[in-house]
Amino acid sequence: MIGLTLAAAATQGAGVGAGASAAAGVGNGFLSPSGVEIAFLLVGLVTLGAAVVTVTTKQLVHAALWLVVALGGIAVEYLLLTAEFIAWVQVLIYLGSVVVLLLFGLMLTKAPIGRSPDADSGNRWVALAVAVAAAGALVWVVVDAFRTTWIDLDGPVQGSTKVSGEILFRHWVLPFEALSVLLLAALIGAVVLSRKNGDPDNTTREASPREKGKR
Amino acid sequence: MHLAYPAVLAALLFCTGLYGVLARRNAVLVLMSVELMLNAVNLNLVAFDVWLRDALHAGQALTLFTIAIAAAEIGIGLAIVLMVYRNRGTSDVDRLRDTAEGNEPAPGPDQSSVRSEVTA
Amino acid sequence: MTTTTLAVLVPALPFLSALAGLLLGRTAPGFVRPLAVLPTLAAAVLAVLVAVRQGGGPAIDSATELTPTGSVPIELALHIDGFAALVGVLVGLVATCVQLYSTAYLRDDPRYPSYAALVSLFTSAMLLVVYSGDLMVLLVGWEIMGICSYFLVGHYWETEAARSASLKAFLVTKLGDVPFLIGLFALAADAGSFRITKILGAVAAGGLDHPTLIALLLLAGVAGKSAQFPLHTWLPDAMAGPTPVSALIHAATMVAAGVYFIARLLPVFAASRAALVVMAVMAAVTMVGSALAALAQDDIKRVLAYSTVGQLGYMTGALAVGDRGAAVFHLLSHGAFKALLFLGAGVIIHAAGTNSLSAMARMDGLAKRIPDAFWTMTIALLALAAIPPFAGFFSKEAVLVAAEHTAAGESEFAPSAAGWLVLVAGVLTALLTAAYATRLWLMAFRGRGAAAPDHGKEPLAMTGVLWLLAVPSIAFGLAAGPLPDWFDGHELSPTLTTSVLGTGAAVVGVMLTYALWQRAAAQAARVPAGLPAVAAAAEVETAVEESAAQAPEVEEVTHEHPAAAAGPVADPGKALLGPLHRHAAAGFHLDAVYTALFVRPVRAGAGLVRFLDREVVDTYVRGAGGGPRLLGALVRRAQTGNVQSYLSALLAGAVVLAIATAVLANVNAGS
């Protein structure tokens, strides 16, 4: 809710300088948003709401599901920004694997099903204050900086699979390959970390038959 | 499209994730909040890439890399959380207080006297 | 070799001996005795050679400048005139005697090597003072003497008395040395040089701006070193040192250094009549007071110490009336017979096992046990009492003659008031001196009671030295004839008036004391076991114990002794002094006065400083420690171990910084 009001305030603020730079964009204006902008705004509201629910809900599994909504919303935003390849990658990796991984994590750590009253730590009020302050500062700065800037979404598509493939394998090959090594290292690291080592201390302390079966 | 929309949305998403990181107790939920923050950054990257019409599309490339790294991060993070859970019996962040003042793990008998002197 | 080379060798040889002694003392104990005696003996021989070559002729001056030292140059300078040559001979002679004597006296002492080395170092420093022609170099020797005196007085540092005596000697002489140093600087600033010859030249040309100030400042240092009133209190206490040290330092050399210093710079003092009058008053008070105190002392060494103070008073008196020839003449003869007295006293203490006179007075036949000491002590006491024809008579007459001349107004610069003062005090002191000399002799050698213990014959090194020193004590008076050629040329031979006066006073003193002793002895014999006798015996017992506590060397050098027999003691001093005796025995309570005047305020100041340090300064220190500790305790509470709170704080800080940056950027952009 706080996020919503802030967003509204931000959009209010963003329109202040619109008239002055009307010549820069063709037919742009705050009071007459285009269809894309309306769609972006609505999807953004949904995304933000889902994110807020994710970080506030008392049911842990629901949090993961609301995260799906939020990440999916971001994928739609990518589409609206004409970055379609990124949008599909987002769906594939985040919705497909990361959320599933998180759900597995919840299960393996025996997260309680249903409402758990102690989902938030005692730190929440401090956290809220810090978050609100950070949000205020960021929104203020961003709006102040970009209130007269428009994205030109017309023209050649910038984020199609073709374009992305071309630039990725023409200009960004080396980082791409380095990234593959990083992923391999992460894979091995995860395996090493979650392996049960032969230390009798550890096995006796936390040897539950269910976990053993899962491994 | 007005650039402020994606920028403000990204900022707010980031702060929501921030709140989650600071306020959530379960380590898996903290990881989820981290994902939210990463996505906010990604959104920013894409929006500015589109706005700048970068010939190399550095923003989009970097977004892809971030996604990959986030995947790796979530893998490693979950492995760590699992290990912590296995060792401690809990994955609640605010119960992992081994670094607190005066909360040293019981040392060997030869060190205990030295420790008590230090803390006293 | 030239005379200059010889003169340089004179202080250098004992110095090298001291170095070698300190280095080799532990590793090669066999060399310690030859190393101690032979260089000193060689230095004495060389000093005699220097004196012969100088021969009372014009002064030998030689100087070399090691390095430029700013506006007032400091030079290694020699200035050997008749005074320096003869005093050098005296120092060499006494030092050699003392070193020889010490080989026997301290033969069982485990610290003999360091002792001998320090005596050598002291001898070297004294010879440096004597021969030096530059005041700064003289000051170096002066201070080395002071520190050697400190170490040697504290030789028996196991005892409280020796420790406090050495500290007292050091502090009191330093009390004089500080004004002395300032006086030296003032003198050099006025005269433009530290060289004695140049200073004397400047004085002769009337170039001194503040003669009285300089003279009084220097006089303070001299009073400290030469144990003159009011800084004499360290000397009687310094008797806690070994007896040979007393003979060398506190009779013949160091205490004479002050007198010698004034003798060298007499024109500086003579430039101020006020300084001469102050000096005369100081000398008169010192003479009479110390003679009275000497009459009342029970410790034989303290008697001699007060006697030394009095004789130094004579010398100061001679200087006050402007006759340095007489002063140095008395210095020489006194150095010989007082060293003899101290060394003889060492033998007596050795034999009697005590240094309490009243304990000796209850021993029979002490004189027969130590005939050498008896005869030489008799000679020295006669010299001290100024009975003709012994050395003391001539030198004291020289002083009295000089005082009489000044009193008659024949001196060109000394005021006649100073002359009268010195003359009257001198004659009075002559009487008292004779009295306490007689008392000492009677009580030490004419005791009646149990037989003195027998320790066999005293070593030749000790008795031989006594006879060696007895020679100048007897015959040095003959030098009164040729000596004026070495000095200023003033006549030093006695005149009829002063001879009759002085000798008459001395004879009166002797007779009076003898008569009183006879009467006291008869009284003591009459009440052998009466009530007063018991009281007297108890008094004597405590006196013996006190003296034993004050003189650790008694236990050091003597063998077991039977407890002193109780009995009445014939002490002529008590009868002679009457009600004054109690005060005189305590040195006229000067120590108590100093305690009230200086020690208590200093202690109170120290207490105040301690309070300030403990309660005020330490409060700041404790606060400086407690503040961070408190803050640390507060900050430690933040160390909860909760990662989220850490992160919250971190991010909150980051947000604050970001906002601050943004605001600043806006403000800057707006301005």
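**Close-up views of a three-chain predicted model**

View 1. A:Gly105 sits in helix 4 of chain A; helices are DSSP runs of H or I with at least four residues, strands are runs of E with at least two, and both are numbered from the N terminus. This is a predicted model: local features need pLDDT of at least 70, side-chain atom pairs count only at pLDDT 80 or more, and totals for chains, interfaces and linings use all residues. Residues are numbered from 1 along each chain as its sequence is written, while chains are lettered from A and ligands numbered from 1 in the order in which they are written. A:Gly105 counts as buried because it has 25 C-beta neighbours inside 10 Å. The cut-offs: buried means 20 or more other C-beta atoms within 10 Å of the residue's own, exposed means 12 or fewer, and partly exposed lies in between, with C-beta atoms placed from the backbone. Beyond its neighbours within four places in sequence, A:Gly105 is in contact with B:Val28, B:Leu78, B:Val81 and B:Leu82. Contact means that the C-beta atoms of two residues, placed from the backbone, lie within 7 Å. A:Leu103 also belongs to helix 4 of chain A. A:Leu103 has 18 C-beta neighbours inside 10 Å and therefore counts as partly exposed. Its C-alpha atom is 9.8 Å from that of A:Ala63, 40 residues away along the chain.

**View 2. The side of chain A that touches chain B.** Here 84 residues of chain A are in contact with 64 residues of chain B. Helix 5 of chain A gives the largest share of the chain A side, 12 residues. By class, this side has 56 nonpolar, 20 polar and 8 charged residues. Nonpolar covers Ala, Val, Leu, Ile, Met, Phe, Trp, Tyr, Cys and Pro; charged covers Asp, Glu, Lys and Arg; the others, Gly among them, are polar. The predictor gives the complex an ipTM of 0.80 and a pTM of 0.65.

**View 3. The contact between chains B and C.** Here 11 residues of chain B are in contact with 10 residues of chain C. The chain B side has 5 nonpolar, 2 polar and 4 charged residues.

**View 4. The largest nonpolar core.** A nonpolar core is a set of buried Ala, Val, Leu, Ile, Met, Phe, Trp, Tyr and Cys residues joined through C-beta atoms within 7 Å. This one has 229 residues, and C:Leu295, C:Ala339 and C:Val422 touch the most other members. Helix 15 (residues 324-352) of chain C gives the largest share, 19 residues. Leaving aside neighbours within four places in sequence, C:Ala339 is in contact with C:Val94, C:Cys97, C:Ala247, C:Ala251, C:Ala252 and C:Leu469. Apart from this core lies another, of 90 residues, including A:Trp66 and A:Trp150.

View 5. Chain C has 29 helices and 4 strands. Of its 671 residues, 55% are buried. Its mean pLDDT (the predictor's confidence in each residue, from 0 to 100) is 81, and 92% of its residues reach 70 or more. Over residues 528-537 of chain C the pLDDT is below 50, and this stretch has 9 contacts beyond near neighbours in sequence. Where pLDDT is low, the predicted coordinates should not be read in detail.
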